[in-house]
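Work through these exercises with the structure open beside you. Try each task before you read its solution.

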Amino acid sequence: MQVRACAFVNIIIAPSLLASDPARFGAGAERAGRSGADWLHLDIMDGHFVPNISFGPQVVKAIRPLTKLFFDVHLMCSKPAILVEPLAKAGADEMIIHVELGEQIPSLIQKIKSLGKKVGLALNPPTKIAAMEPYLEQIDLLLVMTVNPGFGGQEFIREGLAKIQQAATWRRDKALSYRISVDGGINDETGADCARAGADTFGAGTSLFGAIDMKSAVTQLRRRVSVAAPH
Ligand code: DX5
Ligand code: ZN
């Protein structure tokens with residue numbers, strides 16, 4: 001009898017707080033904490049890198065005591081250097097910066113690591129995946145944006161799937177271990193498509209916070225992506 005080795009895929013579900021009631025971010029963080037999710041995804045927007053402003057280190061600090069969830073902080077900011085230290089102090093566990101920042105990237109990666117935090121690198125839909133290759137050895141997470149960042153509730157952009165596949169191929173060929181994350185328009189269907197392509201970490205705002213029963217929504221998303229993930 002042939003026994004097939006079955007690679008264990010460790011799925012992470014990360015509800016995005018942006019989709020919770022902005023008047024009650026604390027309650028939203030607590031709700032995510034009770035939902036069975038693994039991480040809380042926190043979107044920091046500066047009104048310059050993206051055409052919207054969300055919240056900053058003060059809000060992150062205020063909600064930090066309300067949940068034990070890992071804080072996955074996504075910086076959509078033109079000058080993240082000014083925010084990295086305040087966010088680390090506020091309780092960020094990981095900080096994701098954007099590859100579109102170009103020459104700022106090496107020092108940002110170094111700074112985030114020196115603060116003892118995990119580092120992620122994200123790319124926007126118009127950016128070629130090749131832009132990520134120089135940094136693969138230095139990152140803990142590679143984030144493929146599946147919407148143009150700035151707002152929740154947008155439609156999933158399918159062109160991200162080929163980027164996920166490339167990220168997974170690099171990871172295998174170079175024997176690296178970064179997580180492959182997706183963010184934007186993720187629901188059961190699009191999440192399963194991303195999992196099939198090689199994603200293991202799922203940021204999802206509207207589909208999880210918009211559910212009447214968030215716990216069931218998290219369980220269902222986890223089930224769908226686990227079944228779809230390559231074994
Ligand atoms: C988009 C943000 C996302 C957003 C996802 O700019 O980075 O994290 O909150 O929201 P949904 O899941 O509603 O697309
Ligand atoms: Zn995000």
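**Exercise 1: a helix and its cover**

The buried residues of α5 are covered by elements that include β5 (118-123), β6 (141-145), β7 (179-183) and α6 (188-197). Keep in mind that this is a predicted model.

Task: Which residues of α5 are buried, and does the end-to-end distance of the helix agree or disagree with its residue count?

Solution. 
- Step 1. List the buried residues: Gly 160, Leu 161, Lys 163, Ile 164, Ala 167, Trp 170 and Arg 171.
- Step 2. Work out the span. Helix α5 (residues 160-173) has 14 residues, and at 1.5 Å a residue it should span 20 Å.
- Step 3. Compare. The end C-alpha atoms are 20 Å apart, which agrees.
- Step 4. Look past the helix. Ala 175 follows α5 and has a positive phi, near 50 degrees.

**Exercise 2: the zinc ion**

Task: What arrangement do the donor atoms around the zinc ion (ligand 2) form?

Solution. 
- Step 1. Find the protein donors. They are His 41 (NE2), Asp 43 (OD), His 74 (ND1) and Asp 183 (OD), at 2.0 to 2.3 Å from the zinc ion (ligand 2).
- Step 2. Check the angles. The 6 donor atoms subtend angles of 71 to 170 degrees, so the arrangement is octahedral.
- Step 3. Read the spacing along the chain: H-x1-D-x30-H-x108-D.
- Step 4. The cut-off is under 20% relative accessible area. His 41 has 2% relative accessibility, so it counts as buried. His 74 has 0%, so it counts as buried too.

**Exercise 3: aromatic pairs**

Task: How many aromatic pairs are there? Describe each one.

Solution. 
- Step 1. Count: there are 2 aromatic pairs.
- Step 2. Take Phe 25 and Phe 55. Their centres are 5.1 Å apart with 65 degrees between the planes, and the pair is edge-to-face.
- Step 3. Locate them. Phe 25 is in helix α1 (residues 25-34) and Phe 55 is in the loop between β2 and α2, so the pair ties together parts 30 residues apart in sequence.
- Step 4. Take Trp 39 and Phe 70. This pair is stacked, at 4.4 Å centre to centre and 25 degrees between the planes.
- Step 5. Locate these too. Trp 39 lies in strand β2 and Phe 70 in strand β3, so parts 31 residues apart in sequence are tied together. Both Trp 39 and Phe 70 are buried.

How values were computed
Residues are numbered from 1 along each chain as its sequence is written. Chains are lettered from A and ligands numbered from 1 in the order in which they are written. This is a predicted model: local features need pLDDT of at least 70, side-chain atom pairs count only at pLDDT 80 or more; totals for chains, interfaces and linings use all residues. Side-chain values use heavy atoms; hydrogens and water are left out. Helices (H or I, at least four residues) and strands (E, at least two) are DSSP runs, numbered from the N terminus. The expected span of a helix is 1.5 Å times one less than its number of residues. Buried means under 20% relative accessible area, exposed over 50%, partly exposed in between (1.4 Å probe, protein chains only). Contact means heavy atoms within 4.5 Å. Donors are N, O and S atoms within 2.8 Å of the metal (3.2 Å for Na, K and Ca); water is not among the atoms, so sites may look incomplete. Four donors count as tetrahedral if all angles lie between 85 and 135 degrees; four count as square planar and six as octahedral if opposite donors are over 155 degrees apart and all others between 65 and 115; anything else is irregular. Rings of Phe, Tyr and Trp (its six-membered ring) pair if their centres lie within 6.5 Å; planes under 30 degrees apart count as stacked, over 60 as edge-to-face and the rest as tilted.
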